[in-house]
Amino acid sequence: MSVRLVDLVEPGGEVTSGLVLRYRGFYLFGVEPKFQWTRRDDRWDLRYIGIGGHQDPGETWGETVAREAWEEAGCQIEVKSADVTYECLPDGQFRPLDLLWDEPVRPWFIWRDHFDLSARRGPGATAVPFLGLVFCAQAIPPLKPGAEIPALIGLSATQVVDTLE
């Protein structure tokens with residue numbers, strides 16, 4: 001059964017984009033700004049984050065991920081349309097999704113989660129349901145992180161899997 005994007009978004013939910021961004025055989029991630037790092041014993045713990053964000057009015061999703069890559073990684077990208085869109089299930093498995101899609105660039109997979117946005121929306125704010133559209137892209141040099149992300153980190157496929165575990 002075919003499903004539309006609007007049917008996948010929970011009431012009060014938000015839709016966001018993300019990139020599986022490749023560069024010279026590595027997967028690129030942003031390093032969070034230093035104010036979000038935490039100190040543990042004698043070292044700093046920092047996190048890396050995916051590149052992506054919200055769609056601006058009038059943008060296609062392909063334009064959204066291209067803009068986000070420019071703002072965050074300081075690079076242009078070549079977005080690759082997926083043949084099939086997969087849904088990431090809560091148990092980590094993927095299943096093909098018959099997504100009705102009318103844009104030139106199809107997402108590789110979608111994910112769902114709930115995020116506590118009380119820091120942004122104030123105390124008492126409830127968790128917001130998110131639906132993420134993840135696209136595949138190749139970074140085109142040069143790369144220069146933007147104002148939102150102070151640095152980029154390139155990880156091999158093995159490193160990505162190791163850090164997830």
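**Charges, strands and rings**

Author: Start with Glu-32. At 7% relative accessibility it counts as buried. Keep in mind that this is a predicted model.

Reader: Which residue does Glu-32 meet in a salt bridge?

Author: Arg-47. The N to O distance is 2.9 Å. The pair links distant parts of the chain, 15 residues apart. Glu-32 lies in the loop between E3 and E4, and Arg-47 in the loop between E5 and E6.

Reader: Is Arg-47 buried or exposed?

Author: Exposed, because its relative accessibility is 52% and the cut-off is over 50%.

Reader: How many salt bridges does a search of the whole structure find?

Author: It finds 11. One of them joins Glu-87 and Arg-95, at 2.6 Å from N to O. Glu-87 is buried at 7% relative accessibility. Arg-95 is partly exposed at 42%.

Reader: Which residues do shared partners join into one network?

Author: Asp-56, Glu-59, Arg-67, Glu-68 and Glu-71, through salt bridges.

Reader: What about Arg-67 and Glu-59?

Author: They form a salt bridge, with the closest N and O atoms 2.6 Å apart. Arg-67 is buried, with a relative accessible area of 18%. Glu-59 is buried too, at 17% relative accessibility.

Reader: Which sense does E2 take with E12, parallel or antiparallel?

Author: Parallel, over nine bridges. Leu-19 stands opposite Phe-135 in E12.

Reader: And how many bridges join E2 to E3?

Author: Three, and these two strands run antiparallel. Their hairpin has two residues between the strands, and Arg-24 takes a positive phi near 50° there.

Reader: What stands opposite Arg-22?

Author: Tyr-27 in E3. The charged end of Arg-22 also sits over the ring of Tyr-27, 4.3 Å from its centre.

Reader: Rings, then. How many aromatic pairs does the structure hold?

Author: Six. Among them are Trp-108 and Phe-109, whose ring centres are 5.5 Å apart.

Reader: Why is that pair edge-to-face?

Author: Because the planes are at 65°, and over 60 degrees counts as edge-to-face. Trp-108 is partly exposed at 36% relative accessibility. Phe-109 is buried at 16%.

Reader: Which residues do ring pairs link into a cluster?

Author: Phe-94, Trp-108 and Phe-109.

Conventions
Residues are numbered from 1 along each chain as its sequence is written. This is a predicted model: local features need pLDDT of at least 70, side-chain atom pairs count only at pLDDT 80 or more; totals for chains, interfaces and linings use all residues. Side-chain values use heavy atoms; hydrogens and water are left out. Two strands pair if DSSP finds at least two bridges between them. Helices (H or I, at least four residues) and strands (E, at least two) are DSSP runs, numbered from the N terminus. Rings of Phe, Tyr and Trp (its six-membered ring) pair if their centres lie within 6.5 Å; planes under 30 degrees apart count as stacked, over 60 as edge-to-face and the rest as tilted. Buried means under 20% relative accessible area, exposed over 50%, partly exposed in between (1.4 Å probe, protein chains only). A charge sits over a ring if NZ of Lys or CZ of Arg is within 6 Å of the ring centre and within 35 degrees of the ring normal. A salt bridge is a side-chain nitrogen of Lys or Arg within 4 Å of a carboxyl oxygen of Asp or Glu.
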